[in-house]
Amino acid sequence: EIGIKIMMLSTAKSIIHCYWRSLPRSSSSSLSVRLLSSSAASSQHHEQALSYNRDTGIISDAQSMQPLYQTIIGIEIHAQLAIPTKLFSSAPTKHHHHDGNNKTSSVSSTASSSNTNVHPFDLAYPGTLPTLSHAAIKSSILSAASLNCQHIHRYSKFERKHYFYADLPHGYQITQQRWPLASEGVVLFLPYSNLQNQQQGSDNDASKKKKKKRRRGRDDGDNAQEDENSTSKDDSASSSSKQQQQHSIEPVQLRIERIQLEQDTGKTTTHTTTTNSNNNKTTTTTTAHINYNRAGCALIEIVSYPDLRTAHEAAGVVEMIRKVLKHVGSCDGKMEEGSLRCDLNVSIAPVSSNDDTTSSSFDNNNDDEQSNDKYNLPPGNGHRVEVKNLNSLRQIIAATEYEAIRQSSLAIQHNHTGRETRTFDPLGGKTICIRAKGDAIDYRFMPEPDLPPLILDETTLGSKSLEEFLERYMPESAEDATARLLEEYGLGESVAVLIASDPPAIVLFEDAVSVAKAELEQEDNDDDSVDVSAVVANFLCNDLYALIKKSAIEEAGDDEDKRATLLNSISVDQSTVASQRLGLLIAMIANGTLTTSMAKKILSIMYKDDLTSSPRDIATRNGWEVISDMNVLVQLCTDVVHDPKNTKQLEQYKQGGKNTWKIEKFFVGKVMAQSNGNAHPEKMKEALASVLEKVVSDQTSSTS
Amino acid sequence: MMMRHCQLLQSSIRSVNHHHHRHCRQLLSITIRSCASSNNLIQKHPHCKAIHIAKQQQCRSITNQQASPSPPIQHHQRLTISRAAHLLNSLQLSSQQLCQHAHNLATFGEHSLHLNAYVKLLPLDDVLQQAQLSQDRITNGQRKSWLDGIPVTVKANVAVGRWWMMPSSSSAILMEERDNNDTNGTATIGGDCNNNDIEEAEEVYESDIAKKLLKECGAVLIGITNMDEFGMGSLGLNSGISSQDSGNHNHVIGSSNGDSKQAQLYLDKKRYANPIYNPLPWMHRLSMLQSQNQHYNNNDDPDQYWIEQIQNSTVQNPHGISDEDALEELLDEVRYWTQQQTHHDDDNSTNTKASSHDDYSATTSPLLSSGGSSSGAAVTIAHGSSLLSIGTDTGGSLRLPAAWTSTVGFKPTYGTFSRYGVVSYASSLDTVGFVTGSVECARIGWDCLSGSDRRSKSNDDDDERSCVDFNKSRDATARVYHDDRSCELLTSQQHQQQEQPTTDTTKPLANIRIGIPNAFSLHETPPLIANAWSAAANTLQNIGGATLVPIPESVVSSEWIKLSCAAYYVLACAEASSNLSRYDGVRFGLDVDLNDFANLDNVQGYEEYHPLSNMTALEEKISTTRVSGFGDEVQRRVLAGTSVLSSDRFHTHYEAAAVVRAKVSQSIERAFRSTAINNGGVDDDKVDVMLVPTALSFPCTLNPHLGDRMMEDMDPTAAFGNDVMTIPISLGGFPSISVPHDNNDNLDRREKDVVGLQVFGMRGSEDIVLQVANAINSSS
């Protein structure tokens with residue numbers, strides 16, 4: 001059947017259908033499903049068995065273990081900026097919070113329905129023009145600074161990159177090419193395997209989590225001292241059986257060539273249906289649905305030099321960049337949602353035979369290179385193959401490995417790969433060619449005539465200089481924040497480190513403390529017996545994080561991958577309880593209105609069931625209020641003790657003896673029940689004691 | 001056809017070496033070579049002819065003016081905005097009456113004169129409704145501006161809210177909803193995305209300029225004017241709208257499985273698009289008929305004349321011709337000439353009627369081109385059906401049609417009016433401007449439309465720092481302009497203040513220096529145009545008291561001016577190919593049914609439309625959409641643009657053209673006084689404005705009987721040469737105005753001998769430009 005129809009439905013949920021005559025070329029070949037075992041460091045391929053070591057990046061003969069090739073890897077990361085509007089239009093993004101409450105379940109539960117987050121410009125309505133978002137400028141400058149870019153260019157320009165595709169509304173992407181926003185950055189990171197080990201078994205309680213955070217919160221690579229300290233601590237904490245990783249614990253450096261601002265495209269999802277008609281003809285129809293909600297969202301593209309040598313380095317650096325961007329707040333880092341995507345440029349170079357062919361020789365080589373020329377690729381390096389759109393660390397590792405083996409096998413057969421573009425099929429664990437060299441697209445770059453150059457002057461920055469701008473907007477580093485929390489709030493070190501590793505948590509903590517203090521001050525409560533900061537920190541680190549994690553696990557369901565990534569990116573950012581309500585809650589504990597256990601119950605309700613009510617309202621509604629008035633308590637106890645139903649127990653008590661404590665306990669339970677659990681435990685016991693004492697003394701006086 | 005154009009381009013555009021200047025030369029030769037007829041156009045005369053003639057004729061022109069016999073009512077004697085506003089304000093006339101008259105004229109122009117000036121004429125009720133609102137404001141003394149209640153029109157590439165939601169310049173290019181029973185989909189997308197109840201929302205897709213004109217100034221919209229498709233073309237021949245379409249602009253052929261007839265129909269529609277005709281020949285005839293009217297001759301109070309004219313206006317006879325037989329005869333002739341003989345489904349009964357007019361066929365066709373691309377805008381002004389018509393000017397699109405229809409075309413500095421809501425052709429050159437009947441009207445239009453702009457500017461600045469307000473500043477390039485302009489305005493104001501004391505009221509241009517650039521004086525300039533140029537220069541000197549300054553080759557080099565035409569076409573085509581990428585049939589573009597095209601290669605004459613065999617389904621769809629949706633001229637320019645942007649030609653062509661552009665605008669800038677202040681204040685040889693002709697040719701004669709191209713010897717690229725006088729000014733973004741110049745000393749001039757003269761100045765100097773233009777306009 002010849003049929004191709006691309007039409008836009010006119011309702012708000014416009015979906016574009018594209019009936020393709022046949023499957024796209026890339027996916028028509030049948031795929032054998034080959035799952036990579038997560039531990040196996042080798043995989044079979046073609047005639048000669050080759051194995052790839054993810055830690056050293058060496059491809060060697062599986063039998064003789066003779067090293068043959070080394071992988072050379074460069075990366076391009078597309079990070080979606082977490083700003084409320086799109087790059088060039090006022091349409092809201094998924095980071096847009098609709099109401100004044102600064103958090104409304106941004107836990108992606110509110111994914112907008114298709115084609116609703118669009119401005120006419122995003123659909124390339126004829127006559128619409130772009131206007132650059134200032135939030136994007138701010139966010140991208142912070143990203144560039146956090147990746148230690150030497151040059152954040154005062155003058156950068158936008159260009160158009162042309163190609164036709166259904167999810168590219170304008171027929172071009174507005175990007176930066178010859179005049180990028182920033183260039184020459186550096187990232188220090190640890191290869192993936194080390195991260196892995198530190199994470200193992202650290203999921204459940206906050207104290208272990210703290211270690212993980214500590215370990216991975218090392219954002220400032222320059223601080224080697226700090227790094228070593230934490231490394232040694234961690235090693236002692238984790239099992240000593242991981243000795244062999246010790247040699248690679250030294251941070252690796254990746255140089256960043258450029259960082260540029262650009263637009264995202266729409267999203268195409270295809271559905272294939274096969275129908276059997278009467279005369280045994282099968283018709284395959286592929287329907288493409290295009291959702292333009294993502295079209296025009298702000299991205300930064302981070303392009304690296306080919307400094308990486310192993311699959312685990314590639315995964316490690318992506319994780320590090322993800323953390324850094326999250327820390328400055330420019331990207332939410334959710335790889336599973338496509339907020340951070342990665343393209344790999346993989347090539348192989350033969351391991352020279354006269355060299356010592358151990359991994360260390362390559363490490364040395366690596367160090368030497370930094371002083372050498374720009375690209376400093378090893379001799380004999382093959383053509384680079386670009387693998388596009390990798391969405392998880394696992395995919396990065398698997399794709400690198402697949403490419404390493406594939407390119408090596410071809411090289412052994414003297415059938416070198418040309419420059420090509422491939423995509424990764426996560427089900428088959430394979431990369432698939434989408435464009436060979438001959439089909440390369442001429443993107444016809446052209447200066448964007450609808451936008452003036454981006455000049456980072458006072459008007460644009462709102463600060464006198466770039467330095468002043470960074471001073472003002474750059475979030476403090478985790479180390480600085482920890483020191484400050486220790487100093488100002490007298491928090492315990494573990495708690496301080498945990499809070500400091502999550503910038504939104506610092507804000508939430510500080511706001512909640514000030515809210516609680518203000519509340520207490522208003523009540524003229526001079527009771528200094530409760531350390532508000534400590535209680536806030538305690539609630540934040542234990543209860544709130546636990547709630548966030550729980551909802552993340554619930555959201556992930558059975559999806560292992562998603563669960564892992566979600567747990568990896570736990571942040572107070574996702575909390576539905578903001579500082580205001582947390583502060584009020586803590587104030588109620590401090591002034592004795594609530595017990596800690598009541599507060600925990602209320603927090604749980606605030607988090608899940610009631611996203612708006614104040615803690616006081618929730619307490620009142622549930623009748624949770626500590627009774628600490630002595631008169632009331634005495635009355636309560638008197639009532640219970642003299643209750644006719646309890647005459648038997650009272651009589652027993654009056655008789656005295658060694659079992660009186662049991663009777664006392666009985667009365668405590670009864671009084672607690674009578675007060676619906678609201679009686680202040682200590683004071684109630686006091687009251688009960690006085691009541692019982694009175695009973696006994698009355699008795700003695702009456703008998704005597 | 002695509003293939004043929006590709007080959008044509010490849011043969012004409014050859015890669016050259018890497019030296020910039022050489023590239024520029026090469027570039028010139030390439031484009032010029034392809035524009036066969038413009039090749040000899042661009043040759044500079046050794047001496048500045050205009051100045052020479054001006055000196056010879058200094059006295060003559062003034063005496064001749066008085067001696068020439070007073071012509072019958074001239075077409076330039078149009079109802080002006082100020083007169084109309086005066087009649088409205090003094091309540092001698094209601095806005096409804098005025099707009100009804102305009103609507104009558106428009107209807108008469110479309111249906112009786114077959115001008116094809118409108119792609120959409122608003123229903124009379126809609127017009128009267130707007131007029132009613134205006135009238136209410138006027139009676140209550142709450143007039144919004146001089147334009148309140150004045151009938152206006154807007155070019156088809158401008159979005160005008162609910163009346164013209166989807167700006168388009170071609171019937172075939174925009175995809176419409178297939179199912180009209182659905183809610184209006186365009187509004188859904190066009191409206192604010194957050195708005196759930198779009199039906200109720202006032203906010204529909206509206207350009208900034210239309211908002212200003214209609215909402216803020218209160219003008220009454222009569223209709224949407226026709227144009228060359230996407231503004232490409234300078235003859236008004238590429239409208240892309242055929243006779244079947246006019247009045248039913250958004251007509252889309254329904255899908256009918258595999259019927260190649262449907263596909264043919266599609267492509268033919270495009271082929272036989274009707275040109276936009278110049279109303280001048282008919283206006284001339286009509287005014288002769290009018291002059292026979294008794295009541296006119298006896299009435300020399302123009303106010304009274306217009307009141308009568310408007311009050312007696314009918315759809316059948318809006319011009320108030322008393323001799324109805326003569327009128328019918330004229331309309332008969334119109335019908336005869338505008339009838340396309342080669343039309344595919346030409347089985348109308350009119351054919352037989354036309355055959356009874358064999359006597360016309362002996363004469364040459366009276367039909368004239370209106371110039372382009374804002375053809376409809378100029379035509380509605382020339383015909384009188386609107387008093388101000390918004391258009392766009394990329395390389396001369398407002399000024400050329402204005403010159404050819406004897407109207408005033410005003411292009412302000414690039415970026416003055418926001419381009420938001422205006423379909424982009426070449427973004428870095430597109431300028432929103434307007435056509436009016438006189439310079440005085442243009443002055444009113446400029447004051448009204450730019451006034452509110454200036455006011456809102458100060459507010460913008462405050463907001464800009466904290467966050468971008470997307471609704472306030474929707475055109476980023478306009479912002480750049482305003483930043484620059486604030487300084488320039490300041491300097492020019494200081495400049496004026498210094499000189500004010502010496503101003504002589506009898507010599508309004510006493511302190512103004514007018515440059516006559518040698519570089520614009522070309523050998524091919526027809527004598528009539530050269531004479532008009534010098535006569536106008538004379539007038540400015542003798543009557544206005546301005547100082548004429550010849551601008552030598554050393555300041556404005558003819559070398560760069562010559563190259564500018566080539567550079568323009570490289571840059572404009574490159575930007576056009578990029579801007580038009582969005583018409584891919586997914587969201588915008590012709591909604592073709594591939595089934596209709598599947599068998600087309602079997603049909604003779606349509607082989608070229610069949611997609612290539614190695615295309616994917618999506619590519620096939622996009623290809624068919626674009627091949628069948630875009631007109632020939634558009635395809636030609638998109639292909640040229642695609643070619644110059646390709647990686648092997650970008651440096652040799654695009655970048656070279658950008659260098660030429662910079663050089664041209666720098667060299668022109670150097671001649672202006674406002675920049676001289678920065679250079680140290682030596683301004684002996686500096687000028688305030690320059691005076692050059694608008695076009696080097698007269699409106700060409702069209703003959704629909706000759707077939708689809710209308711002209712016997714029409715090279716598709718020949719029209720490129722028409723813009724040689726306007727392009728250098730566009731490249732620099734300078735404000736420019738084209739003023740009609742009536743050469744009264746030439747008694748035996750033909751109807752088509754209309755001359756437009758251009759006054760242009762430094763960016764931001766619109767006020768002086770208008771002042772000088774007014775002196776020419778009122779003296780001629």
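Here is a short walk through the structure, from its salt bridges to its cysteines, a charged patch and a few loops.

The model is predicted, so local features need pLDDT of at least 70 and side-chain atom pairs count only at pLDDT 80 or more, while totals for chains, interfaces and linings use all residues. Residues are numbered from 1 along each chain as its sequence is written, chains are lettered from A and ligands numbered from 1 in the order in which they are written, and side-chain values use heavy atoms, with hydrogens and water left out.

Let's start with charges that pair up. Side chains of opposite charge can pair when their charged atoms come close. Here a salt bridge means a side-chain nitrogen of Lys or Arg within 4 Å of a carboxyl oxygen of Asp or Glu. How many salt bridges does a search of the whole structure find over all chains? It finds 35.

One of them links Glu420(A) with Arg422(A), with 3.2 Å between the closest N and O atoms. Buried or exposed? Buried is under 20% relative accessible area, exposed is over 50%, and partly exposed is in between (1.4 Å probe, protein chains only). Glu420(A) is buried, at 15%, and Arg422(A) is buried too, at 8%.

Over in chain B, Asp447(B) pairs with Arg443(B), their closest N and O atoms being 3.7 Å apart. Both sit in helix α19 (residues 439-466), four residues apart, which is about one turn of the helix. (Helices are DSSP runs of H or I, at least four residues, and strands are runs of E, at least two, numbered from the N terminus.) Asp447(B) is partly exposed at 42% relative accessibility, and Arg443(B) is partly exposed at 28%.

Arg636(B) and Glu633(B) also meet in a salt bridge, at 2.4 Å from N to O. These two are three residues apart in helix α25 (residues 632-645) of chain B, so about one helical turn separates them. Arg636(B) is buried at 15% relative accessibility, and Glu633(B) is buried at 7%. Elsewhere, salt bridges that share partners join Arg160(A), Glu448(A), Asp450(A), Arg419(B) and Asp475(B) into one network.

Now for the cysteines. How many disulfides are there over all chains? Counting pairs of cysteine sulfur atoms within 2.5 Å, the total is zero. Take Cys331(A): the closest cysteine sulfur, in Cys297(A), is 12 Å from its own, so the two are too far apart for a bond. Cys331(A) is buried, with a relative accessible area of 3%. Cys99(B) is in no disulfide either, as the nearest cysteine sulfur, that of Cys217(B), is 15 Å away. Cys99(B) is buried at 0% relative accessibility.

Next, the loops. Phi of Met65(A) is near 60°, a positive value in a residue other than glycine, and Met65(A) lies in the loop between β4 (58-61) and β5 (67-80) of chain A. Asn116(B) also has a positive phi, near 60°, and is found in the loop between α6 (95-111) and β1 (118-121) of chain B. Asn116(B) is buried, with a relative accessible area of 11%.

Val555(B) has its place in the loop between β8 (547-551) and α22 (558-579) of chain B, and is buried at 17%. Its C-alpha atom is separated by 6.2 Å from that of Ser667(B), 112 residues apart along the chain.
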